[in-house]
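Please take the sequence and the model together and read them alongside the paragraphs that follow. The text begins with the overall make-up and then turns to particular places.

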Amino acid sequence: MSASVDSAGDAASHAAVGTGVRPSTGPDASTPVPALACTGLVYSFKQTRAVDGIDLTVDAGSVYGLLGPNGAGKTTAIRAITTLLPVPAGMVRVFGLDPARDPMAVRRLLGYVPQQLSADASLTGRENVFMFARLFDVPRSRRAARVDSALEAVGLSEAAGRMAKTYSGGMIRRLELAQALVSAPRLLILDEPTIGLDPIARTSVWDRIGEVRAATGMTVFVTTHYMDEADQYCDRISLMHRGRIRATGSPAELKAALNSTMLDSSGATLEDVFRHHTGDTLDEPTQGGMRDVRSTRATAARLR
Ligand SMILES: Nc1ncnc2c1ncn2[C@@H]1O[C@H](COP(=O)(O)OP(=O)(O)O)[C@@H](O)[C@H]1O
Ligand SMILES: [Mg+2]
C-alpha cells in the first residue's frame, strides 16, 4: 500500500513553500533552515509559568520528541508554537517564518494532532477528513484525492464509510492523523499521539507516521511521556520538566552521557536519564497534570 499523502499533483505545494512567502534562509545561506526553532519561549496561566523559557531547534526531516511527565508544559509549548496561544515572550520560527507575523503562512505548513480528541463521532471517517480538507483550504479540485490518500496512508480506506463512533481507540487516533495529513504538512505536530492506546495500536500509529515520512520527508515534532517510544522513534529528544528543558540530545547521546558519569556503567535507560536531570520520574504527574489525562480518556470513552 502506498503511504503517499503528498501525491505527484501536490509536489508543487511543497515546492512552493518558501518561494511564495519569503526566502527562508538561515543566518548564512549554507545553513539549512530548521523546521522549528524556539528561543526563550515563555507562557504563563495567571500564577502558573507553564513554559518557562525553552530553547529548541528541530532539523527539517527529523523526528523530535518533547518528553516529560504530565504537567511539564508540553501541550502549552505546542499551542504557542502552533499559533493557538499568543507568545508573550521569546521567539518561534517555523521554517523561518514568524507565527506572530504570518499566522496563516505558518498554519499552511503545519499538521496538528491535538491531545484532546478532535474527531466528530457522528460523522464517518471520510467526512471527518473532508472537513479538515476544507478547513485547511485544500483546493477543491484536489480534495477528494487527498482525502482518499490520507485515509489510505493511515489504513482506514475500508472503514472510511463508517461513523467514527464505531472505531476503536487506535482507529480514532489514525483518523486524526489522516485529518492532520490531508493538508500535506511539512511539519506534523503530535501531542501525545498514543496516550491510552494498547501496544499494537501504538505501533500501528508510529508505523503509519514512518511510512508518510519516508514518502514525503515530513518533519515530526511529538510530545510523549512514554520513554520507550521516544527512545525507539525519535532522532532527538528534549526532556521537559516544570516548564524547562533539562537536557537535549539523541537518545543514545543522553544515555551515553549518563553512563560516563556512573561508576556502574551498565546501560542507562531514558528513565534513568530523566531521573538524573530532574530528580523525578516520568510516571509521577506534577501538579494539574492528571486533569488532562482524565479528560483525554473521558473523550476517548465517549467516542467509543
Ligand atoms: N488552561 C489552563 N489554565 C490554567 N493552567 C493550565 C491550563 N493548561 C495548562 N495549565 C497548567 O500549566 C502546566 C502545564 O500544563 P500542560 O502544558 O498541559 O503540560 P503537559 O502537556 O506537559 O502535561 C500545568 O501546571 C497545568 O496545570
Ligand atoms: Mg499535554
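The protein holds 11 helices and nine strands, and the model that shows them is a predicted one. Of its 304 residues, 43% count as buried. Among the contacts with a separation of 6 or more, 72% are accounted for by residues 24 or more positions apart.

If residues up to four places away in sequence are left out, Leu56 touches Cys38, Ser238, Ile245 and Thr248. Leu56 and Val92 are 36 residues apart in sequence, while their C-alpha atoms are 9.5 Å apart in space.

Next come the packed helices. Two packed helices are described by the angle between their axes and the distance between the axes. For helix H4 (residues 125-135) and helix H6 (residues 169-181), the angle is about 30° and the axes are 8 Å apart, which makes H4 roughly parallel to H6, since angles under 35 degrees are put in that class. The crossing in which H4 passes H6 is right-handed. On the H4 side the contact involves Gly125, Asn128, Val129 and Phe132, which meet Leu175, Ala178 and Gln179 of H6. Sorted by class, the residues of this contact between H4 and H6 comprise four nonpolar, three polar and no charged.

A second pair is formed by helix H9 (residues 251-261) and helix H10 (residues 270-278), whose axes come within 9 Å and cross at roughly 65°. The crossing of H9 and H10 is left-handed. Here H9 contributes Pro251, Leu254, Lys255 and Leu258, and H10 contributes Leu270, Asp272, Val273 and His276. The contact of H9 with H10 has five nonpolar, one polar and two charged residues.

Which residues of H10 are buried? They are Leu270, Val273, Phe274 and Thr278, and because they cover an arc of only 110° around the axis, they are on the same side of H10. An α-helix has 3.6 residues a turn, so residues three or four places apart point the same way. The partners against which the buried residues of H10 pack are helix H8 (227-233), strand S8 (236-241), strand S9 (244-249) and H9. Just after H10 comes Gly279, which takes a positive phi of about 70°.

Most residues other than glycine have a negative phi, and most peptide bonds are trans. Phe95, although not a glycine, has a positive phi of about 45°, and Phe95 is found in the loop between strand S4 (89-94) and helix H3 (103-109). Is Phe95 buried or exposed? With 21 other C-beta atoms within 10 Å, Phe95 is buried.

Arg242 is likewise a residue other than glycine with a positive phi, in this case near 50°, and Arg242 lies in the loop between S8 and S9. Because Arg242 has 17 C-beta neighbours inside 10 Å, it counts as partly exposed. The two strands that this loop links, S8 and S9, are also among the elements against which the buried residues of H10 pack.

Methods:
Residues are numbered from 1 along each chain as its sequence is written. Chains are lettered from A and ligands numbered from 1 in the order in which they are written. This is a predicted model: local features need pLDDT of at least 70, side-chain atom pairs count only at pLDDT 80 or more; totals for chains, interfaces and linings use all residues. Axes are lines fitted to C-alpha atoms, for helices over the stretch in contact, and angles run from 0 to 180 degrees between N-to-C directions. Helices (H or I, at least four residues) and strands (E, at least two) are DSSP runs, numbered from the N terminus. Angles under 35 degrees count as roughly parallel, over 145 as roughly antiparallel, 65 to 115 as roughly perpendicular and the rest as oblique. A crossing is left-handed if the near helix is turned anticlockwise from the far one by less than a right angle, and right-handed if clockwise. Two residues are in contact if their C-beta atoms, placed from the backbone, lie within 7 Å. Ala, Val, Leu, Ile, Met, Phe, Trp, Tyr, Cys and Pro count as nonpolar, Asp, Glu, Lys and Arg as charged, and the others, Gly among them, as polar. A residue is buried if 20 or more other C-beta atoms lie within 10 Å of its own, exposed if 12 or fewer, and partly exposed in between; C-beta atoms are placed from the backbone. The arc is that of the directions from the helix axis to the C-beta atoms.
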